[in-house]
Structures are given as structure tokens and as C-alpha cells.
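Please open the structure in a viewer and keep the selection tool at hand.

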Amino acid sequence: MWSQIAPISSLLSGVALLLLGNGLLNTLLTLRGVAEGYSTSMLGLIMSGYFVGFLLGTWLAIPLVRRVGHIRAFAFCAALAAIAALLHVLLIDPWIWLALRVLYGLALVSLYTVIESWLNAQAPAGSAGRCSPCTWRSISVPWRRRSSCSTWPIPASSSCSSWRRC
């Protein structure tokens, strides 16, 4: 398993930091919005802007990767997410925060899409679609010795019944 994870360990570390930062930003914005005196309905609207951007980004991410490539798309979306997160400190207005949350959600789903397509592009021919779910599951459930794909929508008899065969 480690021979498969080693080449992509920097990418997986980046995803872990991305998820950690996203969770911290969500908590921080909620607490800062309460401190600024925003109503709970306005905070709910602001925080739901992330998911609007997430939905919009699903349509925009793939054309972006096709147009500029994985590396440039990743750099662009990471910079966009960082700028959107930092602008919350400078611009204290609920409607601007809503727009920034939409932008942040769009950037994050694009980052996730770029990372997943980057992993699939790096996988050997014939195993790109089969190994990714098992690899992610074996990483997210580290106490299991072997990864069984019976809970995934992949048949257990496929080559994914053990992560050594992927």
C-alpha cells in the first residue's frame, strides 16, 4: 500500500490541509458573524453560499482543467480560495461575505476535481476508475489491514478486492 501512496503523498497531504482549513474557516466565519451582529438567518444564507459555489463549480472545473491543464488550474483555484478566505478579514459586509463564500465554494470544488482528475491521469491504464475508491478508503480507514470494496458500488470480485492488486 505504501508503494502506491508514496508518489501521491504530497497531493494527499495537501488535500488533508485543504479539508482542515475549510473546516476551520467555516467555524471562524460563523463566530465572526455572530461577533459582528449578523442575524442567524443572514449567517445561514452566508454559509449556504459555499454550497451554491460548490454546485456552480461542478460545471466550471472540467473546462478549466481542459483549457489550462492540471498544474495551472490547481494553482489558480488555490490562489482564488486563499484570496476569498483572506478578503473576509478586510471586507466586513454580509453581502460581500456571501459573494466570497460562493467564490470559495467554486474554488474548492474545482480543487477537488483537479486533484481527482490528476490522480486518475497518473494511474496506470486500466486501473484509474477501479483503484481510486479503494485507495481513498484504505487511507480513511487506517486500522483495517485489507480494504474490501463490498460497500462501494464496485463489485467485490473486481480487481479492487485488495489494494495490493490495484
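**First stop: H2 and H3**

Select H2 and H3, whose axes lie 10 Å apart and which pack at an angle of about 160°. Here axes are lines fitted to C-alpha atoms, for helices over the stretch in contact, and angles run from 0 to 180 degrees between N-to-C directions. H2 is therefore roughly antiparallel to H3, a term for angles over 145 degrees, while under 35 counts as roughly parallel, 65 to 115 as roughly perpendicular and the rest as oblique. Helices (H or I, at least four residues) are DSSP runs, as are strands (E, at least two), numbered from the N terminus.

The model is predicted: local features need pLDDT of at least 70, side-chain atom pairs count only at pLDDT 80 or more, and totals for chains, interfaces and linings use all residues. Residues are numbered from 1 along each chain as its sequence is written, and side-chain values use heavy atoms, with hydrogens and water left out.

H2 and H3 cross in a right-handed manner; a crossing is right-handed if the near helix is turned clockwise from the far one by less than a right angle, and left-handed if anticlockwise. Next, display Asn22, Asn26, Leu29, Thr30, Gly33 and Val34 in H2, which meet Leu43, Met47 and Tyr50 in H3; contact means heavy atoms within 4.5 Å. This contact has five nonpolar, four polar and no charged residues. Ala, Val, Leu, Ile, Met, Phe, Trp, Tyr, Cys and Pro count as nonpolar, Asp, Glu, Lys and Arg as charged, and the others, Gly among them, as polar.

**Second stop: H2 and H5**

Among the residues in contact are Leu11, Val15 and Arg32 of H2, and Trp97, Arg101 and Leu119 of H5. The contact of H2 with H5 comprises 14 nonpolar, four polar and two charged residues.

The whole structure holds six aromatic pairs. Select Tyr38 and Trp97: their ring centres are 5.4 Å apart and their planes stand at 85°, so the pair is edge-to-face. Rings of Phe, Tyr and Trp (its six-membered ring) pair if their centres lie within 6.5 Å; planes under 30 degrees apart count as stacked, over 60 as edge-to-face and the rest as tilted. Tyr38 is in the loop between H2 and H3 and Trp97 in helix H5, 59 residues apart.

**Last stop: confidence**

Colour the model by pLDDT, the predictor's confidence in each residue, from 0 to 100. The protein has a mean of 80, and 73% of its residues reach 70 or more. Confidence is highest in helix H3 (residues 40–68), at a mean of 95, and lowest in helix H6 (residues 128–140), at 49.
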